[in-house]
Amino acid sequence: MKIDIKQIFEGEDSIFIRYKQETPTIKRIVSILENEDNKLWGRADGENVAVSYEDILYLESVDDKVFAYTTDKVLKIDGSLNSFMSANDDDSFFRCSKSMIINVNRVVALKSLSSNRIDATMESGEHIMISRRYASDFRRLLKGGR
Amino acid sequence: MKNENKLTLWERYLTNEIGIEFKACLYFFAILFFYCVYRIVNGSFDASILHMTEMIFCCYIIGYIQVFIFNNFDEADKLHTREILGLIICTALYILVSYLGRWFNRQMLVTGLFLAYILLTYICVIVIYRSKRRIDDKKLNEELRLFQTEHKKNDKKID
């Protein structure tokens, strides 16, 4: 693909895309330009798929692979849970255990358990455990501090 | 990069230890109350230091058994077979030590009452922890709703 970048000193910034066929790469570029960085890209069923951050229920790390779960999709994403948390400063994503991050805005109910653990019921009906190590930080987050 | 959230081995040990110490104190005071009532009813206003030492050691050791063998049954979310077995075995251990240590002069009636008292104490502790968690549930869910509402407001402002 030929890339032509030109700096201008007057007028509005503009980007032209010329293509013969709308490939996944072209789709991805267009989507990034239209939605800025408000989407998470990953692979599902061998295709590049983007989901809005707000649609993500939780992220899980399994055998060094990271998966993002929405109500109807499972995406394999690049990077680690730590890199996701560093790149995303949205406080609705909370690291709830060594292998999971939950979207607090998609939690429907919380249940206090013994040993200071918390059970979070997600919109999909799944139960995610907030371990003792992270429970006090979670309580702090709900109270408005991080 | 060191994870600041990660508890050190020492901190984990301390958390367990404090929980067991708390348990030992709780059950020691409950047993001591029963023991004092027994002594007063029998016309004695003294408590044996040896008996009290036995009580605190007994509570401490049974605290370890409760936590490490029987899933901390008095704080459990649900009582399954293991937890119920723990409740029975720990009660039996208290009764055995009280009998061997002559806390109640091996009187069968008082020992029987002590058994009922220990079971009642356990049931009370289980109920108290459950109530505490139920109150905590309400508080957590209120805070969650507030967090989500605030978050939506902030998102609208940004839009």
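Two strands count as a pair when DSSP finds at least two bridges between them. The views below show a predicted model.

**View 1. The open sheet of chain A has three strands.** Their order is β8-β9-β10, and the pairing is antiparallel. Strands β8 (107-112) and β10 are the edges of the sheet, as each pairs on one side only. From one strand to the next, the twist averages 25°.

**View 2. Strands β9 and β10 of chain A form an antiparallel pair.** Strand β9 covers residues 118-122, and β10 covers residues 127-130. How many bridges link β9(A) and β10(A)? There are four bridges. Two partners can be picked out. Ile118(A) has Ile130(A) of β10(A) as its bridge partner. Now look at the hairpin of β9(A) and β10(A). Four residues lie between its strands. In this hairpin Gly125(A) takes a positive phi near 90°.

**View 3. Strands β8 and β9 of chain A run antiparallel.** Five bridges join β8(A) to β9(A). One bridge to find is that of Leu110(A), whose partner in β9(A) is Ala120(A). The hairpin of these strands, β8(A) and β9(A), has five residues between them. Which residue of this hairpin takes a positive phi near 55°? That residue is Ser115(A).

**View 4. Chain A holds three helices and ten strands.** Along the sequence the pattern is α-β-β-β-β-β-α-β-β-β-β-β-α. Along its principal axes, the C-alpha trace of chain A spans about 60 × 35 × 25 Å.

**View 5. Chain B has four helices and zero strands.** From the N terminus on, its elements read α-α-α-α. The C-alpha atoms of chain B fill a box of roughly 80 × 35 × 35 Å along the principal axes.

**View 6. Helices α1 and α2 of chain B pack at an angle of about 135°.** Helix α1 covers residues 9-41 of chain B. The axes of α1(B) and α2(B) are 8 Å apart. These two helices are therefore oblique to each other. The crossing of α1(B) past α2(B) is right-handed. From α1(B), the contact residues include Gly19(B), Ile20(B), Tyr27(B), Phe28(B) and Leu32(B). From α2(B), they include Met52(B), Met55(B), Ile56(B), Tyr60(B) and Gly63(B). By class, the contact of α1(B) with α2(B) has 14 nonpolar, five polar and one charged residues.

**View 7. Helices α2 and α3 of chain B pack at an angle of about 160°.** Helix α2 covers residues 49-68 and α3 covers residues 81-100. The axes of α2(B) and α3(B) lie 11 Å apart. That angle makes α2(B) roughly antiparallel to α3(B), because angles over 145 degrees count as roughly antiparallel. The crossing of α2(B) past α3(B) is right-handed. On α2(B), the contact is made by Glu54(B), Cys58(B), Ile62(B), Ile65(B) and Gln66(B). On α3(B), it is made by Gly86(B), Cys90(B), Leu93(B), Tyr94(B) and Val97(B). This contact of α2(B) with α3(B) has seven nonpolar, two polar and one charged residues.

**View 8. Chain B meets chain A.** How many residues of chain B are in contact with chain A? There are 16, and they touch 16 residues of chain A. By class, the side of chain B that touches chain A has five nonpolar, five polar and six charged residues.

Notes: Residues are numbered from 1 along each chain as its sequence is written. Chains are lettered from A and ligands numbered from 1 in the order in which they are written. This is a predicted model: local features need pLDDT of at least 70, side-chain atom pairs count only at pLDDT 80 or more; totals for chains, interfaces and linings use all residues. Axes are lines fitted to C-alpha atoms, for helices over the stretch in contact, and angles run from 0 to 180 degrees between N-to-C directions. Angles under 35 degrees count as roughly parallel, over 145 as roughly antiparallel, 65 to 115 as roughly perpendicular and the rest as oblique. A crossing is left-handed if the near helix is turned anticlockwise from the far one by less than a right angle, and right-handed if clockwise. Two residues are in contact if their C-beta atoms, placed from the backbone, lie within 7 Å. Ala, Val, Leu, Ile, Met, Phe, Trp, Tyr, Cys and Pro count as nonpolar, Asp, Glu, Lys and Arg as charged, and the others, Gly among them, as polar.
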